[in-house]
Amino acid sequence: MARERRLFWLMEQASYQGGVETVSEGLIDGLADDFEITVVVLDRRPEDPLYFNDPRIKTAYLGLDYLPRQDQQIVGYFRSGHPFKALRVVFGVFFYLLLGRFLLRSKIKKMTGEDDIVLASLSTTYLAVPRGRKALFHYHFNAEHYFSFLERFARGLSRKPDVEVFLSEGILRDVKKRSAFARKDGIAIVNPVKLEPTRDISYHGGKLVYIGRLAEQKNPLLLLKAARILKEKGVAFSLDMYGEGKMRPELERFIGENALGDRVILHGETRDVKSALSEKDLLLLSSAFEGLPLVAGEAMSQSVPVFSTRFGATAEESIPPGTGVIVDSFDPKVYADALAALLLDPDKLLALREKAYRFALTRTKDAVIKEWEKLLEKVANG
C-alpha cells in the first residue's frame, strides 16, 4: 500500500493509557509503514504524553480538557471539595454535545481531504467525525454496552461510519441481531497481542497477578475477599496487583484490616506488562463487564492462564476452553474455592499454560495488522 494514504485517528486524551489507548497505539504503530498517520487528540497536550511518540506519527491536540475521563473528573472534584470544578466539567460536556462537536468537526474537516480516512475509537470521538470524509468507528466493548443508553445516544448524534469494527465475531453476531447497520457494514477484527510470545510451562508456587484499573467495573475488592478466604484455608499464594483508581484507599484499608499485607501488594500502574506477568501462575480477572480484555491475551502470550468471573457474553471468546477458568459467580467464596482447587492441582495448571500459549500464537500483531490493512485499502478505494 502506498504511504500517501492518510489516516486521521481520533483519540480522547494522551495522559492516561487504558485498554482503548493501548490497542490503538499498537495498531497505529503497525500501520505507520503504510499510512501517513495523524493522531488527533481531543484533550490538551500533556507535559509528557504517554504514547504516540513515534516520529513517523504526527499529533494534533484540540484542547478540550473537560472531556477525557469526565465521569472520574466529576466524582473526584466533588469528593475533594471542588464542586465548581465538577460543574465546569458537566457544563463542558453539555457544551460539547450541543455545540462543541460541530466546532471540532469543522476543525477536523479542514485538516483532512476527501480521500483521507478518519477513525474514531470512543463515543466521544465518534461525535467529532465530520461528514464528507471516509470514516471508521472502532468499537472496543461488548454487545450489552453497545446498546446501553449513553452509547446509543452518542451514536444518534454522530454521523454514520462507512464501516464499524468490532472486537470479535461473537460481539458482531450479537450486535447484528438488533442493528441493521451492523448487518450491512459491520466487521470483526480481534485485538492484537503486542507482547512477543514466551513459552513457560512451569509452576511458580501460587503466584497470582491482577493488572487493571482499581475501579468498580473491574471489581478488585472481590479478589481481596477471595484472598482472605485463601489465607484462612492455608493455601499458598501471593497476589501482585498493578493499577490505579479511585478504589485504592478502600483496597488499602481492606488489606490492613484483614492482615493481607504478607500476601497482597498494590504496585500502582505499570507500563512493563511483560515483567509483571513473568513467572506468574495465573492472571486474575474479577470484572463485572468487559469487551475482550486485552490483558487476557497478553497473559496468554506469556503462558499465563486466566482465572476470571463470567464478565459477559464474550468471556469464552476471551478465555476459550482449556486456556483458563471462568467462574459463574461473583460470590467471593465460590471464586476462592475454585481458585484454591486449581492452585492445588499443578498438573491441570500446567496443561492450561500450554493451551493458553498456543491460543495466543493465533493473535499475533502481524496477523491482525494485515487484516486492518486489507480493510483500510477497501475503504480508501470505496
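Author: Helices, of at least four residues, and strands, of at least two, are DSSP runs numbered from the N terminus. The model is a predicted one, and in it Leu214 is found in the loop between S8 and H9.

Reader: What makes Leu214 count as buried?

Author: Leu214 has a relative accessibility of 1%, and buried means under 20%, so Leu214 counts as buried. Leaving aside its neighbours within four places in sequence, Leu214 is in contact with Pro220, Gly243, Glu244, Gly245, Lys246, Met247, Arg248 and Leu251. By contrast, Ala180 is 34 residues from Leu214 along the chain, and the C-alpha atoms of the two are separated by 36 Å.

Reader: Why is H9 described as roughly parallel to H10?

Author: Helix H9, residues 220–233, packs with helix H10, residues 248–257, at an angle of about 5°, and their axes are 10 Å apart. Angles under 35 degrees count as roughly parallel, and that makes H9 roughly parallel to H10. On the H9 side the contact is made by Pro220, Leu221, Leu224, Lys225 and Arg228, and on the H10 side by Glu250, Leu251, Phe254 and Ile255. Sorted by class, this contact of H9 with H10 has six nonpolar and three charged residues, and no polar ones.

Reader: Why are H9 and H14 called oblique to each other?

Author: H9 and helix H14, residues 332–343, pack at an angle of about 55°, with their axes 8 Å apart. An angle under 35 degrees would count as roughly parallel, and the range for roughly perpendicular is 65 to 115; H9 and H14 are therefore oblique to each other. The crossing in which H9 passes H14 is right-handed. From H9 the contact takes in Leu222, Leu223, Lys225, Ala226, Ile229, Leu230 and Lys233, while H14 contributes Pro332, Lys333, Tyr335, Ala336, Asp337, Leu339 and Ala340. In the contact of H9 with H14, ten residues are nonpolar, four are charged and none is polar.

Reader: What makes S10 and S13 edge strands?

Author: They belong to an open sheet of six strands, in the order S10-S9-S8-S11-S12-S13, with parallel pairing. Strand S10 (264–268) and strand S13 (324–327) each pair on one side only, and these are the edge strands. From one strand to the next, the twist averages 20°.

Reader: How do you know that S8 and S9 pair?

Author: Two strands pair if DSSP finds at least two bridges between them, and five bridges join strand S8 (residues 207–211) to strand S9 (residues 238–242), the two running parallel. Helix H12 (residues 294–301) lies across S8, strand S11 (282–285) and strand S12 (306–309), and runs at about 170° to S11.

Notes: Residues numbered from 1 in each chain as written. Predicted model: local features only at pLDDT ≥ 70, side-chain atom pairs only at ≥ 80, totals over all residues. Heavy atoms only, no water. Axes fitted to C-alpha atoms, helices over the stretch in contact; angles between N-to-C directions. Parallel < 35°, antiparallel > 145°, perpendicular 65-115°, else oblique. Contact = heavy atoms within 4.5 Å. Nonpolar A, V, L, I, M, F, W, Y, C, P; charged D, E, K, R; others polar. Left-handed = near helix turned anticlockwise from the far one by under 90°. Buried < 20%, exposed > 50% of the residue type's maximum accessible area, 1.4 Å probe, protein only.
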